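User: Please open the model, and let us go through some of its local features.
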Amino acid sequence: MHDETTQKQNTLLGADELVINMGPQHPSTHGVLRVKLKLDGERVIASECVIGYLHRGVEKIAENRTYQQFAPYVDRMDYVAAVSNGLGYCEAVEKLLNAEAPPRARVIRTILTELQRIASHLLWLGTHALDIGALTPLFYCMREREEILKIFEKYCGARLTTHAFRIGGLQYESYDTFEKDVERFCKDFERRIQEYVDLLTGNSIWIGRTRNVGVLSTEDCIALGASGPVLRASGLAWDVRKATPYAAYDQYKFEIPVGTKGDTYDRYIVRMEEMRQSRLICLQAIENIPAGPILGKVGKVLKPPPGEIHHCIESPKGILGYYIVSDGTTQPYRVRIRPPSFINLQAFDKMARGHLVADVVAIIGTLDIVLGEVDR
Amino acid sequence: MMPVGHYLFLSLALFIIGAIGVITRRNVIVILMAIELILNAVNINLVAFSRIFGDVHGQVFALFIIADAAAEAAVGLGIIIAFFRNRETVLADEMDLLKW
Amino acid sequence: MSPALHSMISFLQTWWVQLASGVLIVAVVPLIAGYVVLVERKLMADMQARLGPMRVGPHGLLQPIADALKLLIKEDIIPDDADKVIFWLAPVVSMTAALVSMGAVAFGPWFQVAKDINIGILFILGVSSLGLFGIVLGGWASNSHYALIGALRSTAQLVSYETAAGLAIISGLLLAGTLQIRSIVDAQQHYGVWFIFLAPVAFFIYLVASIAETNRAPFDLPEAESELVAGYMTEYSGFRWALYFLGEYANMIVVAAVATTLFLGGWLRPFPNVRWLNWLDLLPALFTAAVGVYCVYRAGKQPVRVQTLFMWAVAALCFLVALILAATLLVPLLQAARPGLLGAFWFMLKVGGYIYVFMWLRFTLPRYRFDQLMHLGWYLLIPLAIVNVFSVGMAMMLESEFGWNRWLALVVTMLFTLLAAAFLLHLNDKRTAAASSAAAETSDSYAG
Amino acid sequence: MLDSIIFYFFAGVAILSAALMVTRRNAIHSAVFLITTLLATAGIFLQLRAEFLFIAQIILYVGGIMVLFVFVIMLVRLDVPLNHITFRFQKWVALFVAMALACEVGVMFWYVRRLPSAGLLTPPAPSPDKLPPNSEQFAKVLFSNYLLPFEIASVLLLVAMIGAVIMAKKRT
């Protein structure tokens, strides 16, 4: 990631550059990311992300599992947004089978996925704020995330790695007070989100720490393949939910928040606004959940016709793509996953150069990476 | 109260130790520190005599010496930093050029 | 009797109170620091919608003792290439400096170890600044990059903010006209008003600078957990680490005590000279009694019998203290004890309030970045402090030489200070804007 | 009695740590021992009833100058040059200088003892209960008799500060 010319740069007092290994055991690298930083004083002159500490070979495992058996594995990639991962996989296999989930299943999927987006963003907000030194937002965020996880628990019994969806629709019918719970959460959440805004948005220290830090222009984002809030914060209104709608997103009205500068503050604003939009989507969806079956006709043994398929969704972190090759057997021939965190992490070096060590922490936070997904 | 000779002797001892440091050490930073020690030794004399004469003039002088030591430390360390940046050394015998 | 023994005895006869108080400080401050930590954790939990420590003792009241025990029996690790002697020395320096400087602090009109030192406030300032060496040497001796960077950061930070704090203190000292702690409080009694009202800008500067000096958020860069793991303390564990921690909290008490003495009227009650407010003297007794009543109320709600008993014990203690405080007011024989006890109460209350502000800020604000911190210190606080010293001096001159009304002089000069502050802020904004555009350019230059 | 105990304690600490300061190889160790010497000297000042100078020594010398030294030592990482040894002949020069100075002062002591007014050299006993308000006397003298030197000293400090900044600045 770094080139040799940087080593010739002037350093503090002409002494050797300081090389710091941030991670893999470090409080703010969000797991087992290891960043090699070459420092001039406290200024980063080059950086290198060393990944793979959490590699489990998820894609290889897929080749030895049936389509249904593999579904729980994708939950373990981005474990803070397991529902979104599952949605992407299920829809990809459905596409491969030429099947479709019934309307009721699609709406419930949308609601759960949007709740998961809020939960993921809340976790991001809390840890990001903690990295920058604000202790309190983390606990507020956890409080709200807990509400969402309770809804998941009531729905399917699991809180984190939910495996909420099945290929062809849903396994579980929504529970009795599902709509009420979601509605109550959404009603409360408006007020709760204001608390974070009060704590952070106008805070001059927060602005000072995030403005002009880790700037990524639209061109850079496209060149590096960055997606999701990182891309939108640079000013491009690209969202898979609008571009190629999946699940039930074509039925609902929502806006794509965009930033202007593409710095850390813009990404913060964009994610905050996304949480509000997700809330609106949830409110619209529970208004009218169509009746009907929840599981389409896909059969017990899945044998997709030979061929290949690519399907992507807008996960909380960005574009989550599944490329599946079928050879007509019950097991996929090859599964390739495009994890948004992995691709977004590429931008790290570009964002970090010339900044201080403290900014590195802010930049890791703002990329919103989950190492389970980066390493797979 | 101690006779003043004791203070003079203490001051002398510190002065000599400082002088030895200045002469024998190669590290310029330590040489600077030894100079600080010498200045400090002088201060003891000033304060001791100020006590004998019962006024504070000697102490005022000592304060001036402290101010001078601060100025000296600032400039000296500035020079050392500039030198270290150019030559990557702080050894006195490697400072053999007047101009760099 | 030999002369040596004789002089020893006479020495002890003269100084036994001081020696005993010194021992008391060394014995009690760690305990107080432990409970300050508990209070901090409880407050933090309260502000963060959770409960905090609840397991050890009722409402976690014995948690500090459990923590101390745990730290005592923890394995003591010294890194391989560390400079062992300095590694050992550094935390000791840090804590000693804090404890020694506490010796000059007057907790109420009675309790002060080093009574009557003429340079009281300078002594506190100077000795507590020695704690810096503990941090620097510890960071250096650990032989770790994180610790070294933490140490370098803290050196720069503490030196910068000590300047600002010193200048702010000078503003207060100008008003008091003395360095002696007792006389500073007497001066405030004489003026009839706390110095915070005469020099609010100085108090504000001191507040900010003292947070930075004690390495508390939002200025806790030397130990910024998310960046430098734990800064200079990264390699420390067990009891050495506890010593650092103790030093830090003792330091917090010291700066709070300085602020209280200099700006918040020391052990004077609010409005010390207003006669009809004399009923305020009853407040300490009422306050402790109220705490006792609350404990009685909570005692019934405790889940375990031991906890109920404990609450009753705490309540009894509170009532006892309240009784003593009330007795000094009512029983003529005990009235001699009144100023000491009431003074201590007010002093502790103010110190507690000051520390509460520290904690509150910590839970609320994000952390500054190092360059922002230095800019805040050098571009805003220090110039403002200099201007403020000038204007306070000006006000005193206007009053004494030109016969102005004191308040008029103070208000006029304070307007001058605020004008300077506005100008500095304006300059600062300009600088930030320029810096950010420069930053945008540099990041572009890396694009290729 | 107490006075002499205090004096001998601080003097011993000062001389011992000064000697260690000059002989330690590691610059940081030297700095630590210099700090100890300076603190011991501050103690001597206090024993001489110069309380303002005592605290000035701690705040300025220890809290200011020595922090600067430690900072610079840590900035220029010195591990490599420390292993070099000193020149041999310098030791003899140092010894010679030390002997010369010692002789000079020895002669002075010997000469002083022969003066009739030797009693001048014992300071007056301090007032037993309370220290005189040293800071006030100090300020009065400093700002009346020595006002001009005071101003010159402040200009000196300013010049030194500017000089240090310019010299330490990165040449770009």
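User: Is F165(A) buried or exposed?
Analyst: F165(A) counts as buried because it has 27 C-beta neighbours inside 10 Å. A residue is buried if 20 or more other C-beta atoms lie within 10 Å of its own, and exposed if 12 or fewer, with C-beta atoms placed from the backbone. This is a predicted model, in which local features need pLDDT of at least 70 and side-chain atom pairs count only at pLDDT 80 or more, while totals for chains, interfaces and linings use all residues. Residues are numbered from 1 along each chain as its sequence is written, and chains are lettered from A and ligands numbered from 1 in the order in which they are written.

User: And what does F165(A) touch?
Analyst: Not counting residues up to four places away in sequence, F165(A) touches G86(A), L87(A), C90(A), R109(A) and L170(A). Contact requires C-beta atoms, placed from the backbone, to lie within 7 Å.

User: How far is L295(A) from F165(A) in space?
Analyst: The C-alpha to C-alpha separation is 9.8 Å, although the two are 130 residues apart in sequence.

User: Changing topic: which domains does chain C have?
Analyst: The assignment gives domain 1 (1-72) and domain 2 (276-361) of chain C. Such bounds come from an automatic or database domain assignment.

User: How far apart are the C-alpha centres of these domains?
Analyst: The C-alpha centres of domain 1 and domain 2 of chain C lie 19 Å apart. Their contact takes 5 residues from domain 1 of chain C and 6 residues from domain 2 of chain C.

Notes. Contact = placed C-beta atoms within 7 Å.
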